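Please read these points alongside the model. They take up a contact between chains, then the make-up of one of those chains.

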Amino acid sequence: MKWYDRIATIDRRIIYVLLTVLVILPFFVKVTIPQKIMPQTQKLFDFIESIPPNDRAVMISFDYSPQTQPECHPMAKALLKHCFARDIPVIGLSFDPEAPGLAVDALVSVEREIDSLATRKEDSIVYGVDYVYLGWKSGRIAAQLDMGEAIAGVFPRDYYGNLIDSLPLMQNVKNYKDIAIVVILAAADYPIDWIRYPQTRYGVKVAAGLTAVMAPQYYPFLQTGQVSGLMSGMKGAAEYEKLVLEHGYACALGTAETGMNSQSMIHLLIMLFIILGNVGYFFARRAGKAPR
Amino acid sequence: MRVLTLLMFLAHCLPVPLSPCLIVSLSPRLPVSPSPGAPAVVSAFDRPNDAGSVIQLRWSLSPDDASIDGYAVLRRARDDTAYTKIGSTMRGVTVFEDEGVQDGVPYEYIVASLRDGAMFHSEPSAPAMSYPQFFHKGRINVLLCIVAFTLLLAYFVVKARTGKDLFIRKIAGLAAVEEAVGRATEMGKPILYVPGLGDIDWTATIASMNILGEVARKIARYDSALIVPNRWSVTYTVSKEVVKEAFVAEGSPDKFKEEYVRYVTEAQFGFAAAINGIMTREKPATNFFIGRFWAESLIMAETGAQTGAFQIAGTDSVLQLPFFVSACDYTLMGEELYAASAYLSREPVLLGSLKAQDYGKLAVLLVLFGISLTSFFGVNLLPVLRVQ
Amino acid sequence: MKRRLPLAICFIMGLVMIVQFFIPHPTSLAFSSVIYKWIIVLMAFALVLAIGNLIRHHGEKIRRRKEDWPYSIVTLAGMVAMAAIGLTWGIASDSLYQKIFLNVMAPLGGTMFALLAYYMASAAYRAFRARSLEATLLLVSAFIVMIGFMPFGQYLHPRFPAFAEWIMTVPNMASQRGILLGVAFGSIATALKIILGIERSWLGGKD
């Protein structure tokens, strides 16, 4: 077998081994590459910045599962830090049955982090006053539409079994009129439902945080203004973390920064293999072996 | 000062006004007047196209808008003697929606400029009443499109019923369905049909159910085995009925087995893991991936390719198409998925509906082209079309 | 009758839901709210049927000692255990349920998703060959996008991220819109065909 045939037909297991090594490497070798903030991430950040404190709430639909936790969880935490630091009430909910566990983890871990830094009682986060988690509901589209009339009609009780009407925050949040924006964090294209149904009918603003593989599907909606901001994959999460840190809403970066380094290494590896494959293909074709 | 005046003059002569910040930076600092002017014209009216209980207010800015704290909105019902404050806005705002009114009761409004807690009132508005509407005028464009498309559909369906031969181009992925089912029968192995990961409210899932009906009929004819795993409980119940009905329609209800259609899990990647398990353990001869797919598409299609199965995919998920194209033998792209049922059944009525689809698309393309062309010459037609 | 009744229900409900979209009156909104609640309840009931099927399928596999039947025990045991733990000790942030979810389910799920990176790398290596002018164009644009979206892309050339962004928002978006337009018409036609009873494959065919 000639050298060019060899590099054009590398065993996939070799690719797998190299990929594993390069994913793990950045966990031990810390490198920080300055991020350039993409306009769609900046747009979401600016929107949250424009919401007056203690006014309308931000609704976060936690619709990602453990599989996409590395990409979506840092987005959720950075967004929550931003909202809590600016005294913006947060209403959480889920339509993916696997999401509640992660939603609770994100909400509680951010709450504990802020509480550990709070010097006054007013600075700490209180469940039912600063945020509420409604839990999971079947019949996604019907539920989204019905919340336009009354959130309590769809979620009479929260995730922990409390009556919605008994929570102080929910006295001021009745339906989409009291929601400044809905941010959907997902690995599937759940945001399209929010655009098609509640946005068309009730005019609710929609933004999203999606896995990198899903995000390009929402570029057309970003351009038309139907999506008011977008975090795209690990990069979007790292950018939002950076914005939150730079504006003094957090003390340190989250986990997306390290993830970005692993991702960059994989991109480089994939590019290297594509080049090798093409060099092999080019020389094989010159030798008259490869089909044109 | 002369330079400043000249610049202000030039600013007025420019075809495009200078940005407000530039003008502000050129203006000398205005002294704050002792009592700010109130907003001039306050108009109140029922908010259109709603369920009632809302009155909209508009006013013109106070001449001292830059130096006030904001605006207060006061309301008086017909029987009230005094005005009550119902809300406030920031300065620079000229609209307000009063959402707590009673339908059929006339209300008058006053808008006041606020400075240091003091209010400087406008003249009262004319009385306004809210009431619910029976038709949403903002959606006339949608209604017209639905009616036009339904008429187009009806026209081609009627035309097809008269026996006119309608041409449909060859769709390689669908032409291979017969071969795929035959191959599985010859090999004595089952056929795996994954109806996507979308719930029944995705049109792609509904289209997939239509194709499943046709595929199941062929399977009933060929006497092959079928596996239909489902992610959602409702798609499970629907796909079970579809397969059962297909076997009944082919006159062999006894060949249908309950185990053909299975519910797996709602977990996205748990479902993908289960499909990979089925492919590696039961080694289906043919895999159909038809419906809505997300990031798991390549995991399933690549595993299927490794087991040596003949694979036909079909999805309207634009981002998953490249993955299916690289790992499957045939891929139905975008709207081909919606043409599949007509293609497989060859029913004239369904073929007629495809024709309507094509003409509808042509009409939209012409409209889009027209709007793009006019906007190229600086004419914006979107407000005329009431595009919201 | 067996065919006509579902077709009639489908037609009436489809038409009613289209009509109510154009009526903002409170009566119309109250009606649609009731329908939405029915859908939510209906979907919850379907879950009962689905779980019934899951138990029956795996129970049968265990009873008949079919190939790989021990996996079915794991499936059923996992389902029963998680439900029992959640119902007994609750689902709060520091509960056993949450601990199992975060420490067992999350890493297993993450592993499954990680497979995508391996498959993508091997598929990209096999498929991205400059066989023709179109394939070469695809290859070059993929490279630009990958480099542009990497943090160090901006250091290779300051315009790399902007160029990558342009590829995504202009040629990519234009082609996406083309496909979306066809898909939108396909979905509208499918919905109308089902409402009007033209499409009957879901009922087993034309008969």
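1. Chain C gives 50 residues to its contact with chain B, and chain B gives 63 residues; two residues are in contact if their C-beta atoms, placed from the backbone, lie within 7 Å. This is a predicted model, in which local features need pLDDT of at least 70 and side-chain atom pairs count only at pLDDT 80 or more, while totals for chains, interfaces and linings use all residues. Residues are numbered from 1 along each chain as its sequence is written, and chains are lettered from A and ligands numbered from 1 in the order in which they are written.

2. On the side of chain C that touches chain B, the elements giving two or more residues are α2 (26-63), α4 (96-127) and α8 (171-195) of chain C. Helices here are DSSP runs (H or I, at least four residues), numbered from the N terminus. The most comes from α8(C), with 16 residues.

3. That side of chain C consists of 33 nonpolar, 12 polar and five charged residues. Ala, Val, Leu, Ile, Met, Phe, Trp, Tyr, Cys and Pro count as nonpolar, Asp, Glu, Lys and Arg as charged, and the others, Gly among them, as polar.

4. Chain B has domain 1 (42-121) and domain 2 (166-346), with bounds from an automatic or database domain assignment. The centres of these two domains of chain B, taken over C-alpha atoms, are 59 Å apart.

5. Within chain B, α6(B) and α7(B) meet through residues including Met209(B) and Leu212(B) in α6(B) and Val238(B) and Val242(B) in α7(B). The residues of this contact are 10 nonpolar, four polar and one charged.
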